[in-house]
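Let's take a walk through this structure together. Have the sequence and the 3D view at hand as we go.

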Amino acid sequence: MSATMRRRGAALLVGGVAASMLLAACGGSSSSSESTAAASAEPAASVAAGCEAYAAYGSQPGTKVTVFTSILPPEQQKFEDAWKQFESCTGIDIVYEGSDQFEAQLPTRIAGGNAPDIAFIPQPGLLAKLVQAGGPVAAPQSVVDNVDKYWNPAWKNYGTVDGTFYAAPLGSNMKSFVWYSPKKFAEWGITVPTTWDELFAASDKIAKAGVKPWCGGIESGGATGWPATDWLEQIVLRQSGGEVYDKWVNHEITFQSPEITKAMDTLAAWMKNPAYVNGGFGDVKTIATTAFQDAGGPILKGDCAMLQQASFYANFWENFKPGTTIAEDGDVFAFYLPAIDDAVAANPVVGGGEFVTAFADRPEVAAAQTFLSSAEFATAKVALGTWVSANSGVPLDTYSNPIDKLSAQYLTDPNGTFRFDASDLMPAAVGAGAEWKELTAWFAEDKSTKDVLAAIDAAWPAS
Amino acid sequence: MDELVNGLSKVGNALAAVAIVLAILLIVFFLASRAKGRAQGPIAGVVFLGPAVLLLIYGLVVPAFRTTAGSFQDANGKEFVGLANFGWIFTAPGNSTFLINTVLWIIIAPVLSTALGLTLALLLDRMKRESISKSLIFMPMAISFVGAGIIWGLVYEYRDPAQPQVGLLSQVVMWLGVDDPPNWLLWQPFNNFLLMIIMIWIQVGFAMVVLSAAIKAIPGDVIEASELDGATGWKQFSKVTIPMIRGTLIVVLTTIMIAVLKIFDIVRTMTNGNFGTQVVANEMYAQSFVAFDVGRGSALAVVLFLGVTPIIIYNVIQLRKERSVR
């Protein structure tokens, strides 16, 4: 009891500070209307100063919402900062728990009757699996409204299982990037390629200069192989378009189909081409033993020119050389992996993200879920840095770093062909099992394309 | 401040809970000690064994039955599929890799660990400052399999021969004059042996310490008698020492065998079962927690269980024999 009282005291204090920050942030005429609203509020009113934006979520002091996620510190702190004001205004205590064994622990916890209230699920395939087994509860109408308002319909689709909408997207990452060194590109006399043909003309030119143009690494502990699935997805979407991509995800066409086989051949001519890879590490096979975190290192030394990796790779450059600048004129930057044919897929983007799934329908859980799908939360979280949301309610100017801004620009592009990472959508036995394993064997053991594709198809669950 | 108060109150709660449990236990023990006469024995048994038995049933026996039941069910644990999961284990193409590898592990790693441990025990037996060398050899035993995996991962790391080397093994081999060392972890089928070396590195200390103690326990008069009969060197070792420590040898061998049958951490950290190094335990984890196929995962667990059981039984019988001899 007394703990709650203390909490409320602190909440008022935080609320006050937050209110002044909010006022400062708003600026102009809106700030005056805000301040009058705050001033006119009666002392006994249920809405505390600075909490107007949170009035819709109600006041539910003493309640607790547990959140389980695979996102670990230091990112955890930014989440807690982003919802601090929500907590103090509504009285809902959001308890954050991160685990690097998230995918394994979540189903176990649900089966053990110890499900969290909310989980940030990074794989729609896992969401579908959980819905089948029972656990997730359908999203409240307020969340549906937010998603309809702010997200590309493709995203809503990915939070829907069997016609019921469960989970709103949270963070997003953009996977269609190629990392490069602007300085080295200038040395080699190469401009950033804007078409697929230019990309490979540039690769040939760099190869002629005696440098392997591409580097790659797919070693990732228990998830070894995932970067290779991304490469394949980029090609499938660019070469055959969104419809074929969706059919592939739904197993309406198999891995052995002509489209996917063609994409594998294209990938073989790119990342399995001994003239192109593996800059700084050795032969093609070293792709299988190089940690994906290490793969970009040679770019800074000029032993390799390009790495196809997601936006979050921005976090790794500091490990290779402290003080590495990520900018168009800096040590390293990324360009958009060009489309192959605009008629097939315009501005194709493969991306990923987490989905806020609830396992309880208590009012405080619904309130937290709604808040997490709002533009206010996304903007607050984006302002804290190194995080991207596909929520179109976030002004692009909020992004402080150029890579995040570039990612958001492509992720919210209304004309873009966005597709979710296919391996995350397929049943885990394929997307997190056979595909990782077989593509690793494709690189490491030079297993034939035909055998690799047949083995992945064979792993597809019967039901 | 708030957090500190919260934290302190949590600690307080925990302490209170511990105190209550202790109080209940004290009362139970007190009441049990008051029991007199014929009931005394059985009551003491229930009081002392009861909690442990309950926990064992809940934590070990029940899961074992549930896993066995799960092995006859489909991926979601909903429908009965008979022996389909076991059929998949022994017939699916590609599965022979982890079956063969597990057999190789069970035979090679324990035999080499024990042989090496025995050799070291004999050599160190005659050395000065025996304890220092023994401690050094025993030390890897204190390192977890995952830690060892990471350490040896650095040893086996591959770089193009033209680049500065990161891996110790590659560099040593290059100093010895091999210009183009292989990418060790991809070097099939030898990569399996490279992983086994890690296991041996850890287990050899255990084997050495136990066997050394057994050798020292051989009565001096036996050795003396054999020397009087003219046995020396190899003959003494094979005809006297080995038979005298036979029981210990078998216990060491089977103990390591059980550890090896469950081997999971090393394979998972080094290769995750890729490059033809998969073993049953890691496949079990992959099926259960990566592919979420509970049926196949459970079936693999049952196979492991059935594989370990005879070794454990043999091990226990040998231990009993040892004790009865002493």
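Start with an open sheet in chain A, where four strands line up in the order β8-β9-β7-β10 with mixed pairing. Strands here are DSSP runs of E with at least two residues, helices are runs of H or I with at least four residues, and both are numbered from the N terminus. Two strands pair if DSSP finds at least two bridges between them. At the edges stand β8 (212-214) and β10 (333-336) of chain A; each has a single partner strand, so one side of each has no neighbour in the sheet. On average, neighbouring strands are turned by 25° against each other, direction ignored.

A word on what you're looking at: this is a predicted model, so local features need pLDDT of at least 70 and side-chain atom pairs count only at pLDDT 80 or more, while totals for chains, interfaces and linings use all residues. Residues are numbered from 1 along each chain as its sequence is written, and chains are lettered from A and ligands numbered from 1 in the order in which they are written.

Back to the sheet. β7 (residues 177-180) of chain A pairs with β10(A) in the antiparallel sense, over four bridges, and Y180(A) sits opposite F333(A) in β10(A). Helix α10 (residues 196-208) of chain A packs on the sheet, where it touches β8 and β9 (304-308) of chain A. The direction of α10(A) makes about 150° with that of β8(A) (axes are lines fitted to C-alpha atoms, for helices over the stretch in contact, and angles run from 0 to 180 degrees between N-to-C directions).

Now pick out V178(A). Leaving aside neighbours within four places in sequence, its contacts are M306(A), L307(A), Q308(A), A334(A), F335(A) and L337(A); a contact means C-beta atoms, placed from the backbone, within 7 Å.

How do the two chains meet? 30 residues of chain A are in contact with 24 residues of chain B. Among the elements of chain A that give two or more residues to this side are α1 (2-26) and α20 (428-444), and α20(A) brings the largest share, eight residues.

For the complex, the predictor gives an ipTM of 0.75 and a pTM of 0.77.

Methods
Two residues are in contact if their C-beta atoms, placed from the backbone, lie within 7 Å.
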